[in-house]
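Please open the model in your viewer and keep the selection panel at hand. The tour below moves from one selection to the next.

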Amino acid sequence: MRRLEGKVALVVGSGSVGPGWGNGRAISVLFAREGAKVFGADRNLEAAADTQRLIAEEGGTSAIGEVDVTDPRSIEAMVEACIKTYGRIDVLVNNVGGSAPGDVVSMPLEVWDRQFDTNIRYVFLTCKHVIPIMVQQGGGAIVNLASIAALAHFGPDVVAYSAAKAGLIHFTRVTAVRYARDNVRCNIVVPGLMDTPLVEMRLANERAGGDVEALRRRRNSQPPMGRMGTAWDVAHAALFLASNEARYITGAELVVDGGLAATVRLAGDAN
Ligand SMILES: NC(=O)c1ccc[n+]([C@@H]2O[C@H](COP(=O)([O-])OP(=O)(O)OC[C@H]3O[C@@H](n4cnc5c(N)ncnc54)[C@H](O)[C@@H]3O)[C@@H](O)[C@H]2O)c1
């Protein structure tokens with residue numbers, strides 16, 4: 001029995017920040033493998049189409065739609081499109097997110113606002129529209145994506161990202177409590193240092209003068225397990241939380257970081 005057989009999953013941010021396996025793509029492909037019909041939404045329709053192609057190659061079922069999560073009307077239209085296509089929503093994954101560098105003094109207000117728009121405000125909006133559908137259906141599962149930056153300062157200054165993701169963890173808890181009796185479960189995956197296209201596309205420039213391999217070496221050396229994780233590690237955690245195996249789990253954080261957040265760290269040595 002596949003673990004999401006017969007379920008419809010709306011994955012917000014189903015593309016990838018670059019070629020290869022980002023978290024949203026791995027989650028979408030794994031969910032389809034496990035029997036879900038996946039509605040993948042992304043601002044980058046081409047990246048979402050690449051994910052859809054990968055699902056089709058494995059014989060899975062998916063549809064895609066364009067969404068800009070900074071636009072409330074676009075979010076509403078995305079939920080309507082998913083319902084029009086598949087008639088229900090059993091699983092909602094809020095995967096869009098990313099960090100901008102800066103501390104409280106150096107970060108411009110516009111960057112702070114944008115970080116909150118793309119890391120937490122949109123989750124408020126997707127939940128606002130999807131939860132009533134889940135309640136009417138008799139239940140559902142919401143999986144949000146945080147980061148260990150929400151738990152502690154791990155090296156780089158990403159003040160808005162850290163604060164928004166910390167807010168997202170608590171948003172997930174209080175929403176879980178509010179809708180527990182409706183059988184709508186809300187949980188959050190908290191990834192650490194992952195080897196995703198993000199490292200090459202953006203972080204190497206921001207944190208290692210463009211030297212991708214140097215940044216990879218540094219990131220591999222930091223977790224107690226001696227290596228970065230992959231998007232599949234995040235996807236398997238999301239799958240568990242979305243599946244019936246987690247039917248008594250709500251309001252929980254699942255940290256996927258090779259033990260990094262469990263260590264006591266010296267300031268400035270992680271990335
Ligand atoms: N990659 C990591 O190392 C890492 C570490 C910790 C946490 N995370 C979290 O995991 C999640 C996924 O990160 P990722 O780096 O794997 O990204 P990803 O490769 O899954 O790509 C995210 C997708 O979001 C889309 N997107 C961006 N802005 C959008 C917008 N305004 N509207 C609609 N779509 C938009 C992009 O086009 C992209 O396809 C994020 O929430 C991130 O904060 C990632």
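Which residue just after α6 takes a positive phi? Select Gly209, whose phi is about 55°. This is a predicted model, in which local features need pLDDT of at least 70 and side-chain atom pairs count only at pLDDT 80 or more, while totals for chains, interfaces and linings use all residues. Residues are numbered from 1 along each chain as its sequence is written.

Now colour the chain by its domain assignment, which comes from an automatic or database source: domain 1 covers 8–192 + 231–254, and domain 2 covers 196–228. Their C-alpha centres lie 24 Å apart, and the contact takes twelve residues from domain 1 and eight residues from domain 2 (contact requires C-beta atoms, placed from the backbone, to lie within 7 Å).

Finally, select α1 (residues 23–33) and α8 (residues 231–242), whose axes come within 8 Å and cross at roughly 50° (axes are lines fitted to C-alpha atoms, over the stretch in contact for helices, and angles run from 0 to 180 degrees between N-to-C directions). Among the residues making this contact are Ile27 and Leu30 of α1, together with Trp232 and Leu239 of α8.

Note on methods: Helix = DSSP H or I, 4+ residues; strand = E, 2+ residues; numbered from the N terminus. Contact = placed C-beta atoms within 7 Å.
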